[in-house]
Protein chains: 2
Amino acid sequence: MAIQQHKVILDESEMPTRWYNLLADLPTPPPPPLHPGTGQPVGPDDLTPIFPMDLIAQEVTTERYVDIPEEVQEVYRLWRPSPLYRAHRLEKALGTPARIYYKYEGVSPAGSHKPNTAVPQAYYNAKAGIKKLTSETGAGQWGTSLAFACAQFGLECEIWQVRASYDGKPYRKIMIETFGATIHPSPSDLTDAGRAVLATNPDSPGSLGLAISEAVEVAAQDPDANYALGSVLNHVLLHQTIIGEEALLQLAKIGETADLIVGCTGGGSNFGGLTFPFIREKLAAGGAGPIIRAVEPASCPSLTQGVYAYDFGDVAGLTPLLKMHTLGHDFMPDPIHAGGLRYHGMSPIISHLYEEGMIEAVAKTQKDCFAAGVLFAQTEGILPAPESTHAIAAAVDAANAATAAGDQTCIVIALSGHGHVDMMAYDAYLRGGLVDHTWADTELQESVAKALTRLPEIANS
Amino acid sequence: MAIQQHKVILDESEMPTRWYNLLADLPTPPPPPLHPGTGQPVGPDDLTPIFPMDLIAQEVTTERYVDIPEEVQEVYRLWRPSPLYRAHRLEKALGTPARIYYKYEGVSPAGSHKPNTAVPQAYYNAKAGIKKLTSETGAGQWGTSLAFACAQFGLECEIWQVRASYDGKPYRKIMIETFGATIHPSPSDLTDAGRAVLATNPDSPGSLGLAISEAVEVAAQDPDANYALGSVLNHVLLHQTIIGEEALLQLAKIGETADLIVGCTGGGSNFGGLTFPFIREKLAAGGAGPIIRAVEPASCPSLTQGVYAYDFGDVAGLTPLLKMHTLGHDFMPDPIHAGGLRYHGMSPIISHLYEEGMIEAVAKTQKDCFAAGVLFAQTEGILPAPESTHAIAAAVDAANAATAAGDQTCIVIALSGHGHVDMMAYDAYLRGGLVDHTWADTELQESVAKALTRLPEIANS
């Protein structure tokens with residue numbers, strides 16, 4: 001029996017030392033963020049209350065590459081380069097001629113791709129003399145990542161976690177505290193935004209948009225504090241491109257070329273991180289290259305069912321207006337277990353790519369996703385995060401199509417993280433306790449339609 | 001700034017293809033297991049009701065090396081070779097001249113070293129025509145590992161989990177089910193052993209020894225079923241030696257030599273797995289080589305406070321009698337959060353090494369261990385299992401001693417796994433809710449003394 005190599009490993013010395021900025025290569029630029037009061041493009045001055053200048057510069061840069069500071073590389077090397085795996089056992093279980101690979105970000109301190117941006121964000125803030133970072137977290141991946149990153153650069157870290165997760169999923173909260181951060185349930189009585197919600201609904205389960213409002217409010221009022229966002233913005237996706245740069249090197253190492261890349265999309269940072277370098281190569285090759293497919297939850301289908309319009313990133317309307325695919329900033333998705341995909345909007349760059357026809361999108365229901373996740377665990381030995389199961393489910397669909405066509409497609413999965421602290425979601429699935437929501441549900445359509453009536457008029461008139 | 005290499009990685013092609021059998025090199029052999037009825041050494045016939053012949057042969061072999069079957073290697077390659085890390089950031093936080101490395105087994109499907117033996121045990125049983133494996137699990141590491149391993153070879157898997165963990169720590173139970181196994185709380189009404197306990201104490205929280213009794217009983221009565229043990233026995237420690245074989249290659253790769261190896265000991269399989277190949281080298285060098293130090297919990301101190309005597313491996317007395325360090329087979333340790341270290345006995349080989357003065361042992365209290373674990377998480381980005389924090393705490397002690405002496409000691413930590421599903425223990429620590437038990441506690445001493453009065457007389461007369 002010949003050895004079937006499972007892992008494609010890069011040495012630390014092979015780790016990319018630059019992030020890639022897709023904006024430099026796009027045929028048309030995405031529309032700029034607007035100031036909600038004036039309707040005019042936001043400038044650096046609008047952002048300095050909550051971001052350091054280095055990150056503001058990265059948000060708008062048109063340079064093709066941005067050097068990764070040595071101090072950030074040093075922390076990255078705790079877990080990077082991350083492995084690319086060939087899914088031999090999954091292929092065998094599916095009986096498919098397709099070759100399936102997965103780029104696995106679950107090896108990071110937080111168990112997902114999020115530290116790729118948390119670390120540089122903490123670094124640039126510390127460099128600017130900031131003493132504390134605030135942020136929100138939903139299921140807890142981002143909060144864990146920022147807590148870890150702040151510990152590396154001696155920053156305080158204060159996190160608002162959506163109350164439903166704070167109460168129901170204590171493991172992430174404890175991880176965040178173990179990494180040294182302070183954590184509050186949102187809504188909290190520490191902010192105007194939180195108090196306003198508590199006044200009308202003391203039992204509010206909270207939402208990601210509201211938690212953002214609370215964290216931004218505290219950062220904006222404290223000159224020693226800044227805010228950090230875990231997805232959506234250009235500089236966040238920039239930092240994540242190290243995933244795709246590594247994957248290109250890894251595929252080249254084994255003489256392999258991707259035909260299809262699938263990744264889950266909540267705000268889009270894992271998806272963008274893996275795919276942007278591949279889009280660069282595709283643009284350079286005149287469009288020849290892999291199909292790139294975003295996979296979103298059917299219960300929160302911002303790409304496939306949302307509108308492309310200016311909207312707020314948060315519930316309270318404190319953020320700049322972003323041109324993006326959105327379900328409306330006060331859309332509250334039904335509880336689905338992939339908390340990281342439960343966001344009303346989508347990264348402006350990814351929304352733009354979708355509008356331009358440069359990427360595809362599909363929506364998957366959660367039972368199909370967990371079924372794929374269980375198969376993946378039993379064959380590959382990794383318990384995927386509920387978010388990541390969306391990408392796996394789409395890969396299984398593609399592999400089955402390849403089997404039917406007798407086609408030796410090469411599929412690359414963006415495996416964003418492990419599900420070790422999401423086991424209650426697997427429990428619900430295994431006991432038949434999950435409910436699938438699809439766009440055919442009148443209730444979901446009505447809920448989105450209602451939220452979309454509250455898009456900010458100034459920017460969309 | 002020069003690159004500080006953090007990981008020492010072996011390619012899959014460099015993975016060792018043989019396990020190492022320390023018994024072949026020991027100056028004196030450990031005393032044999034005895035049949036509890038006759039007091040005579042057990043033979044293969046005594047073991048065939050619950051083990052396949054290949055494993056029985058490995059239990060008693062005097063061959064120095066045992067080839068790892070290709071089918072087992074193929075599954076190992078899902079996560080092996082496991083990484084050896086240099087703990088640069090921990091060293092810096094401690095301000096020590098010591099060089100600290102850790103061999104990390106948390107990258108496995110179960111998040112610990114346990115799959116190293118679960119996989120070959122499932123393989124040899126499947127090869128022997130067995131259809132089902134039964135076993136016990138405490139905190140759940142072993143049950144998860146066996147569930148995963150059985151899924152690789154098409155075996156059914158039935159697990160009895162100590163009820164206190166089954167009720168209180170549901171994440172591991174769900175992992176076990178996700179990997180496809182069936183799981184029951186122990187005591188259960190499915191066995192004589194379980195029913196006997198339930199009759200006198202319907203609310204019994206169970207114990208590892210009792211769960212073993214239940215799993216052995218079911219396997220012994222079903223000709224298509226066998227039993228699998230996750231620690232203690234010779235063949236289990238044999239399978240774990242791949243850890244140490246890899247670590248020797250990794251240290252050689254960077255021209256490094258260990259001065260001290262520390263590992264936590266419950267049944268001893270992670271500790272033995274890392275250290276036995278180093279002991280081989282030390283014996284070959286006439287005793288020159290690293291100090292080898294076992295670290296056990298102060299509340300369950302089998303090496304430092306137990307007696308060296310024949311005892312049962314389980315509560316009901318179904319196992320052969322093993323000559324080992326023991327606190328008495330019905331000793332019930334106070335609840336400590338490192339569930340994997342909560343066992344009354346110790347591997348016969350490791351007990352023998354301790355008696356012969358070839359290894360050292362220390363007992364650590366759990367608050368010190370969690371303090372070391374939090375420091376490790378914040379510096380190295382890995383949340384260690386509560387068991388593993390014992391090894392880290394001993395390494396921190398040694399590093400501090402090296403600092404005081406100005407000594408550039410090279411310390412290697414056996415980091416048995418991650419603590420992602422043990423966060424409630426960290427929560428208890430962070431909120432000041434942990435109680436330390438030491439041998440100075442009269443209650444602990446009395447409890448051990450009482451259990452030791454019930455050692456089986458036939459073997460110790």
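**A working chat about a predicted two-chain model**

Me: How does chain A lie on chain B, in terms of RMSD, turn and shift?
Reply: Chain A can be laid on chain B by a turn of 180° and a shift of 0.0 Å along the axis, with an RMSD of 0.0 Å. The two copies are thus related as by a two-fold rotation axis. Here the copies are superposed by least squares on the C-alpha atoms of residues with pLDDT of at least 70 in both.

Me: What should I know about the model and its numbering?
Reply: This is a predicted model, in which local features need pLDDT of at least 70 and side-chain atom pairs count only at pLDDT 80 or more, while totals for chains, interfaces and linings use all residues. Residues are numbered from 1 along each chain as its sequence is written, chains are lettered from A and ligands numbered from 1 in the order in which they are written, and side-chain values use heavy atoms, with hydrogens and water left out.

Me: Through which surface do the copies meet?
Reply: The copies meet through the same surface, because 98% of the interface residues of chain A are also interface residues in chain B.

Me: How many helices and strands does chain A have?
Reply: Chain A has 20 helices and 15 strands. Helices (H or I, at least four residues) and strands (E, at least two) are DSSP runs, numbered from the N terminus.

Me: And how many of the residues in chain A are buried?
Reply: Of the 461 residues in chain A, 64% are buried. Buried means under 20% relative accessible area, exposed over 50%, and partly exposed in between (1.4 Å probe, protein chains only).

Me: What about the charged side chains of chain A?
Reply: Chain A has 30 positive and 52 negative side chains, and the centres of the two sets lie 6 Å apart. Lys and Arg count as positive and Asp and Glu as negative, whereas His and the chain ends are not counted. Each charge is placed at NZ of Lys, CZ of Arg, CG of Asp or CD of Glu.

Me: New topic: where is His418(B)?
Reply: His418(B) is in the loop between β15 (410-415) and α18 (423-430) of chain B. At 2% relative accessibility, His418(B) counts as buried.

Me: What does His418(B) touch?
Reply: Not counting residues up to four places away in sequence, His418(B) touches several residues, among them His420(A), Tyr104(B) and Arg172(B). Contact means heavy atoms within 4.5 Å.

Me: Is Ser207(B) buried or exposed?
Reply: Ser207(B) is buried, with a relative accessible area of 6%. Ser207(B) lies in the loop between α9 (192-200) and α10 (208-221) of chain B. Leaving aside neighbours within four places in sequence, Ser207(B) is in contact with Val162(B), Val315(B) and Met332(B).

Me: Back to chain A: what is the phi of Val232(A)?
Reply: Phi of Val232(A) is near 70°, a positive value in a residue other than glycine. Val232(A) is in the loop between β9 and α11 of chain A, and at 4% relative accessibility Val232(A) counts as buried. Ser231(A) is in the loop between β9 (225-227) and α11 (234-240) of chain A.

Me: Which residues does a cis peptide bond join?
Reply: A cis peptide bond joins Arg80(A) and Pro81(A), with omega about -10°. Pro81(A) lies in the loop between α3 (70-76) and β4 (84-86) of chain A. The peptide bond from Ser186(A) to Pro187(A) is also cis, with omega near 10°.
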